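Visitor: Can you walk me through this one? I'd like to start with where the chains meet.

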Amino acid sequence: MAQKGKKVMVTVRKPPHGSIYVQESIEVMFIFATYEMDLSVVFLDDGVLALHPGQDTKELGIKGFMASLGALVDWEVTNVYADRQSLKDRGIAEDAIIAIGKDDDSGAPIHPRVLDAAEIAAMMAAQHSIVSF
Amino acid sequence: MIISILVLEGPYNHEASDSAYNFIQAALAKGHAIRGIFFYDDGVYNVTRLMDPPQDDRHISRRWSELGATGIDMVVCIAAAKRRGITNEVLAPNIRISGLGQLASMIHESDRIVTFGD
């Protein structure tokens, strides 16, 4: 793997289907993962709704992006986090959030890591750049 | 300071585009450098030359084009543009279509990236 460069965080703050923000933020994650940067992704505020299990956009007539979200690890987007309070405020159980990939060896699902706001704030303070969606 | 700008909303419908422009003017006036401006999501609508607003209103794509004429790198995301019918044929002068890798480069070469969206 290439030498990792500057620390860049993508934040996802918007709900998943009312706008294209989350979908196009995933495209940014996929591309950034191929560049020399130390990439992290944080779902917070309404952005955690994208991690709600069982979403299906067929009835909306929208292609949707749940498959992409479930394949983040395959695209080497591995440092993925969710804000604990945002999940709690929206009634999403921490152990119910979707998987973003599978462990190569065990096949066990990999989930975003749930963090407290203080931990996320400390991560943010260490970034070179934060790109906000 | 070297700054890059990410614009995520279209013109006229949302203040993000105007806020980005005004921020850039203020930053330049304070002596900062703008490495580049990247248009993404509905932000790609900012740079169509087909735009023809009433004469007593601001002409948003012309404003961006004039900034591009000063040498600032103005880039429209190709994937977002294709989705919305923004092609080289309708692009205002001094603006180019390229990939998200250009955003990665802008971030790498700037001290700050400032996002203007909803």
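Guide: This is a predicted model. The contact draws on 20 residues of chain A and 21 residues of chain B.

Visitor: How much area do chain A and chain B bury between them?
Guide: About 1700 Å², with 55% of it on carbon and sulfur atoms. On the chain A side, Tyr21(A), Glu24(A) and His128(A) lose the most area to chain B, together 29% of what that side buries.

Visitor: How many salt bridges between chain A and chain B?
Guide: Four. One is between the side chains of Glu24(A) and Arg83(B), at 2.7 Å, N to O.

Visitor: Switching topic. Which residues have the most contacts inside the largest nonpolar core?
Guide: Phe32(A), Phe43(A), Ile37(B), Tyr40(B) and Trp64(B), in a core of 74 residues. Helix H1 (residues 21-32) of chain A gives the most to this core, with seven residues. A second, separate core has seven residues, among them Leu44(A) and Tyr81(A).

Visitor: And Thr11(A), buried or exposed?
Guide: Thr11(A) counts as buried because its relative accessible area is 3%, under the 20% cut-off. Thr11(A) sits in strand S1 (residues 6-12) of chain A.

Visitor: What does the Thr11(A) side chain pair with in a polar contact?
Guide: The side chain of Ser132(A), at 3.4 Å. Thr11(A) also touches residues including Val42(A), Leu44(A) and Phe133(A).

Conventions
Residues numbered from 1 in each chain as written. Chains lettered and ligands numbered in written order. Predicted model: local features only at pLDDT ≥ 70, side-chain atom pairs only at ≥ 80, totals over all residues. Heavy atoms only, no water. Core = buried A, V, L, I, M, F, W, Y, C linked by side-chain atoms within 4.5 Å. Buried < 20%, exposed > 50% of the residue type's maximum accessible area, 1.4 Å probe, protein only. Helix = DSSP H or I, 4+ residues; strand = E, 2+ residues; numbered from the N terminus. Polar contact = N/O pair within 3.5 Å; in protein donor to acceptor, adjacent residues only side chain to side chain. Contact = heavy atoms within 4.5 Å. Buried area = accessible area lost by both parts, 1.4 Å probe. Lists of a residue's contacts leave out its neighbours within four places in sequence.
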